[in-house]
Structures are given as C-alpha cells and as structure tokens.
Amino acid sequence: MVRQAFFSILYFFSFALLANAVYPNCIWISPNGSKYDLSPLAALQDYSFNYTSGNTNFGLVINFCKPVSIDCNDPLDNCAACQTWNDASTNSRGSIGTLSTMAMLSLPSMFAGLDGVTLSYTGGFQDRTSEFYVTCAPYAIQPIFNFLGENPIKHYNFRVKSLYACPLQSGSGRVGPASIITLFLLPCFFLLS
C-alpha cells in the first residue's frame, strides 16, 4: 500500500517536473528576476469550472500553455481557453483566447505584493479575450479558479491560485515548488528502501 502510494506520487510529480522540456513557452522571468514555470499545469490536464456572469451560467475549460482537448469551434484547434454556455436555443462553445496569442506578463497592481504571472489571450470567438492572473498559493496543487468579471465587454478576467505560480528563484528567499516536491519525495524514498 505504501509502495503503491509512493509510486503514484512519484509518477505525478515526475511528469510535472519533466513538463518544462515539453512546454518551454510556459517559463517566464519577471522584471525583478523571479522565474515562474507553469509547465506542470500544461502537462496535467484540461481544467474546468462553472461561473455566472449577469443572468447567464457559463463554463470554462482551460489548459495552460497548450490547446484544450475539447472541440471549441476553433478551426485551427488552437484554443487555450474555451467558454461554454447554455441559452434558450442551444448549447454553445467559443474560444476566449488562442494559444498562439498567449502573452506572459506581470500581475496588475490589484495583486501588488503577490507572486505570480498574468496569462493574456486574444483571438477568441467574436474577438473575445481573457486574462488569467495566476498567483502563488503553495497549498494549491490543483488550481483554484475565481471569475473576476467581464470588463470590458468580451474581455474575461479570472484569478487562479496555484502552487506552480510560486517563483522558482527569487530575491525573497522563498522555496519554489521543485524544492518542496524534492523535500517530500526524499523521505518517502528512504522509508521504502
């Protein structure tokens, strides 16, 4: 039982740590020199959650730094963030950002003092765009999503809390996710040997 749990954990984190070789465009160095690597998020899966804007219920499917695996009515299969909705006549999907337009930027001033990165996407269905403010949350192995609003029209803003938005190297002396994972796996290895 312990051996099986160890290998499951080892598989999960090994895949996540090796992902930066497959998704090198998920690495960003901030103006202050902090290095962020969102590659493990891209490697794991598509993420989805539901939210309400006005009187309409929406869903969001996103993958970080690679296209989503669902059909999002994008002729180039380049959709990075897919919005889903139900109206009186249909179930619909549309891109709110394409991977080829992704930009990694500093967090806006409303997140002053937090570590993280902004993922900005354009080129969506009917000129829709989106921004994902991915902030450091050492406890959030799976991302935690919050819809912040649609402002202006057709521009969607989300906050995402994630372990992988913590800097790998920083002048603040904080420990990045790779170090945390290593500290966790080493004792497990010695317990099983």
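From the N terminus on, the elements of the chain follow the order α-β-β-α-β-β-β-β-β-β-β-β-β-α, which amounts to three helices and 11 strands in what is a predicted model. Of the 193 residues of the chain, 45% count as buried. Among the contacts between residues at least 6 apart in sequence, 48% join residues at least 24 apart.

**Strands β9, β10 and β11**

Strand β11, residues 155–162, pairs with strand β10, residues 144–150, in the antiparallel sense through six bridges, whereas the pairing of β9 with β11 is parallel and runs over eight bridges. Strands β10 and β11 form a hairpin with four residues between them, and Lys-154, which belongs to the turn, has a positive phi of about 70°. Strand β11 is mostly covered, given that six of its eight residues are buried. Individual partners across these pairings are listed in the table below.

| Residue | Partner in β11 |
|---|---|
| Phe-132 | Phe-158 |
| Phe-145 | Val-160 |

In soluble globular proteins, nonpolar side chains tend to be buried together. In this model the largest nonpolar core has 33 residues, and those with the most contacts inside it are Leu-38, Leu-60, Phe-64, Leu-119, Phe-132 and Val-134. The elements that give two or more residues to this core are α2 (39–44), β3, β4 (56–62), β5, β8 (116–121), β9 (129–136) and β11. Apart from this core lies another, of five residues, among them Val-61, Val-68, Cys-79 and Cys-82.

Once its neighbours within four places in sequence are left aside, Val-134 is in contact with Leu-38, Phe-64, Leu-107, Asp-115, Gly-116, Val-117, Leu-119, Val-160, Ser-162 and Ala-165. Among these contacts of Val-134 are Leu-38, Phe-64 and Leu-119, which are also listed among the residues with the most contacts inside the largest core.

**Aromatic residues**

How many aromatic pairs does the model contain? The count comes to 16 aromatic pairs. One of them is formed by Tyr-47 and Phe-145, a tilted pair with 6.3 Å from centre to centre and 45° between the planes. Because Tyr-47 lies in strand β3 (residues 47–53) and Phe-145 in strand β10, this pair ties together parts that are 98 residues apart in sequence. Both Tyr-47 and Phe-145 are buried.

These two residues also belong to one aromatic cluster, which is formed by Tyr-47, Phe-49, Tyr-51, Phe-58, Phe-64, Trp-85, Tyr-121, Phe-125, Phe-132, Phe-145, Phe-147 and Phe-158. Phe-132 and Phe-158, both members of the cluster, are bridge partners as well, with Phe-158 in β11. At Trp-85, another member of the cluster, Arg-128 lies over the face of the ring, at 5.7 Å from the ring centre.

Is Gln-83 buried or exposed? Its relative accessibility is 1%, so Gln-83 counts as buried. Gln-83 is found in strand β5, which comprises residues 81–86, and its side chain makes a polar contact of 2.9 Å with the side chain of Tyr-51. Leaving aside neighbours within four places in sequence, Gln-83 is in contact with Tyr-51, Phe-58, Gly-59, Cys-72, Ser-92, Arg-93, Gly-94, Ile-96, Arg-128 and Tyr-156. Arg-128, included in that list, is the residue that lies over the face of Trp-85.

Ser-92, which lies in strand β6 (residues 91–95), has a relative accessibility of 16% and therefore counts as buried, the limit being under 20%. With neighbours within four places in sequence left aside, Ser-92 is in contact with Gln-83, Thr-84 and Trp-85.

**Ser-69**

Ser-69 has its place in the loop between β4 and β5. With a relative accessibility of 65%, this residue counts as exposed, because that term applies over 50%. A polar contact of 2.5 Å joins the side chain of Ser-69 to that of Asp-46. The C-alpha atoms of Ser-69 and Gln-45 are separated by 8.7 Å, although these residues are 24 residues apart along the chain.

Conventions
Residues numbered from 1 in each chain as written. Predicted model: local features only at pLDDT ≥ 70, side-chain atom pairs only at ≥ 80, totals over all residues. Heavy atoms only, no water. Buried < 20%, exposed > 50% of the residue type's maximum accessible area, 1.4 Å probe, protein only. Polar contact = N/O pair within 3.5 Å; in protein donor to acceptor, adjacent residues only side chain to side chain. Contact = heavy atoms within 4.5 Å. Pairing = 2+ DSSP bridges. Phe/Tyr/Trp six-rings, centres within 6.5 Å; stacked < 30°, edge-to-face > 60°. Lys NZ or Arg CZ within 6 Å of the ring centre and 35° of its normal. Core = buried A, V, L, I, M, F, W, Y, C linked by side-chain atoms within 4.5 Å.
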